[in-house]
Amino acid sequence: MKSLALENLVKTYFDPYRGLQFTAIRDVSLTVEEGDFVAVVGPSGCGKSTILNMIAGFVPITSGRILVDGREVREPGPDRGVVFQSHALFPWKTVADNVTFGPKMRGVAKAERAKIADEYLALAGLSHAAERYPAELSGGMQQRVGVVRALANEPDVLLMDEPFASVDAQTRMTLQEELTRIWEERRPTVVFITHDVSEAVFLANRVVVLSKGKVLEEVDIPLDRPRSWDRLVEDETFKALSNQVLQLVRSA
Amino acid sequence: MSAILTIWGAYARWTQRWPALAAFVPFVPLIALWWFIAWLQIFPPVFLPGPVEVVQTGWELTWKGILPDYLADSLARLTVGAAAGMAIAIPLGVFVGLNRKAHEFSWPILLFFQAIGDIAWLPILLVWFGFGLTTMTFVIVYTVLFPVVLNTVLGIRSVKPELRRAAQSLGASPTRILFEVTLPGALPNIITGLRNGLGYGWRALIAAEIIVGTSGIGFLMFDARRAGSVEEIVVGMIVLGVLWYIVDSWFLAPIERATGQRWGLVTS
């Protein structure tokens with residue numbers, strides 16, 4: 001896993017109906033060190049998904065630079081793994097084949113891919129579902145597969161776009177705890193987009209609050225690890241930090 | 001009451017063993033009604049023969065070898081025409097589906113020619129190619145082509161953009177994305193197109209055989225009209241229905257189930 005740097009990122013769209021340039025991202029600079037976990041929060045329309053789509057290379061940037069491990073990137077690539085809100089699993093591939101899709105594209109041999117599938121499915125507690133199709137899984141299981149599919153390709157940076165926004169509250173807490181356990185074990189570099197303040201504070205080392213296309217403030221989260229909801233839900237530091245971030249988001 | 005339950009239970013067991021039986025049972029009252037009306041002789045038997053006479057005629061035609069020969073001719077024409085139609089339609093559909101400019105340009109043309117039904121082409125085809133195989137093949141290819149092209153385009157365009165993005169971020173090249181994401185994603189629609197196309201093609205073929213034919217089921221029926229044999233006409237009609245039922249429910253529907261439904265892309 002490698003570092004990620006955004007330098008003076010700007011994104012403007014042309015709105016053909018109003019005939020105007022619309023600025024989604026004004027001037028965003030951000031550094032994510034190797035092995036760091038950064039969450040980006042902000043009200044809807046603040047541009048957080050646009051930033052992720054630019055890092056992933058799905059939408060072109062207007063100006064500025066995106067550097068992964070010092071190399072400038074513009075197109076999508078396997079160095080930046082993406083976890084989607086809509087999970088985006090391939091419906092016609094089994095869970096195991098979804099997880100090993102990246103390695104298959106890299107030309108990894110079949111026997112080796114089977115090992116990768118075993119390893120990562122075990123990591124997500126999904127070994128029993130290897131031969132099932134995504135449509136046969138629950139929403140929470142689909143998201144778990146989405147996360148390990150991105151991890152199994154060993155990207156430099158893991159980009160997560162509100163991955164737990166569409167599962168129920170109980171499952172979401174379990175998924176957050178699982179993600180935090182996986183991160184503590186493997187220390188991938190993560191950029192996590194969310195509108196859920198407590199999710200951001202629970203998961204991240206640092207929370208970036210975004211407002212109207214600009215970074216409003218960065219808040220460090222010095223909570224001990226390993227983190228779990230049982231311990232943090234009544235924790236005074238967690239509450240104080242959540243409150244601080246929430247105030248920032250609401251003022252944004 | 002218990003007698004009805006016994007019969008019902010037996011029916012459930014037997015149809016589970018032979019699912020084809022369940023497809024035949026709904027026809028029993030229909031055949032009974034047909035037999036009853038024919039037996040009443042409201043219409044002269046020359047106009048409305050009963051089931052027994054039709055089965056006899058069918059047996060004679062089979063025994064003489066006419067029915068198997070004609071059936072083979074019709075099926076061969078359908079197979080050749082459908083294969084040619086698919087070979088053109090699927091690549092064309094993929095191209096139009098992927099290319100926005102090609103889509104804007106060709107969609108109105110596709111809709112225009114789709115509206116000119118298969119049989120509406122026959123007059124001009126007869127002028128151009130005469131009464132022969134070329135005309136019949138053209139009609140089938142034409143009929144199969146449009147449902148397959150239009151459904152393929154629809155399928156390609158309905159593949160979720162996130163799936164392509166996911167594949168890109170996992171390192172897939174454009175060619176790999178086409179074969180691993182776009183085509184599998186479009187497959188349920190392509191199969192639906194084939195199912196429709198073959199259905200339309202089968203009907204178009206019979207119409208073409210009636211007008212053009214020198215053999216085939218359509219020719220058999222029209223020839224029987226000249227000979228005044230209503231039994232043979234009805235035999236032809238029954239063969240058409242039974243054959244399509246077999247093709248659709250034993251071949252096409254299982255493929256559709258094995259792809260789209262298992263993947264959760266279509267519900268039925």
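**A walk through chains A and B**

Helix H9 (residues 161–169) of chain B is mostly covered, with seven of its nine residues buried. Keep in mind as you look that this is a predicted model. The buried residues of H9(B) are B:Leu163, B:Arg164, B:Arg165, B:Ala166, B:Ala167, B:Gln168 and B:Ser169. What do they pack against? Their partners come from both chains: helix H1 (48–56) and E6 of chain A, together with helix H10 (174–212) of chain B. Just past the end of H9(B), you will find B:Gly171 with a positive phi of about 95°.

Strand E6 takes us over to chain A and its sheet. Six strands form an open sheet there, in the order E6-E7-E8-E3-E9-E10, and the pairing is mixed. Strand E6 (80–83) and strand E10 (214–220) of chain A each have a single partner strand, so they stand at the edges and one side of each is left without a neighbour in the sheet. On average, neighbouring strands of this sheet are turned by 20° against each other, direction ignored. Further in, strand E7 (residues 157–161) of chain A and strand E8 (residues 189–193) of chain A run parallel and are joined by five bridges. Along this pair, A:Met160 stands opposite A:Phe192 in E8(A). Helix H5 (residues 139–152) of chain A packs on the sheet, where it touches E6 and E7 of chain A, and its direction makes about 175° with that of E6(A).

Now step back to the domains of chain A. The domain assignment gives domain 1 (4–79 + 155–251) and domain 2 (93–153). Their C-alpha centres lie 25 Å apart, and 13 residues of domain 1 of chain A are in contact with 11 residues of domain 2 of chain A. Which element gives the largest share of the domain 1 side? That is helix H6 (residues 169–186) of chain A, with five residues. By class, the residues on this side of domain 1 divide into 10 nonpolar, three polar and no charged.

Finally, let us return to chain B for a pair of helices. Two packed helices are described by the angle between their axes and the distance between the axes. For helix H6 (residues 100–115) of chain B and helix H8 (residues 133–157) of chain B, the axes come within 11 Å and cross at roughly 145°. The crossing of H6(B) and H8(B) is left-handed. On the H6(B) side, B:His103, B:Leu110 and B:Gln114 make the contact, while H8(B) brings B:Phe146, B:Val149, B:Leu150 and B:Val153. The contact of H6(B) with H8(B) has five nonpolar, two polar and no charged residues.

Notes:
Residues numbered from 1 in each chain as written. Chains lettered and ligands numbered in written order. Predicted model: local features only at pLDDT ≥ 70, side-chain atom pairs only at ≥ 80, totals over all residues. Pairing = 2+ DSSP bridges. Helix = DSSP H or I, 4+ residues; strand = E, 2+ residues; numbered from the N terminus. Axes fitted to C-alpha atoms, helices over the stretch in contact; angles between N-to-C directions. Contact = placed C-beta atoms within 7 Å. Left-handed = near helix turned anticlockwise from the far one by under 90°. Nonpolar A, V, L, I, M, F, W, Y, C, P; charged D, E, K, R; others polar. Buried ≥ 20, exposed ≤ 12 C-beta atoms within 10 Å, placed from the backbone. Domains from an automatic or database assignment.
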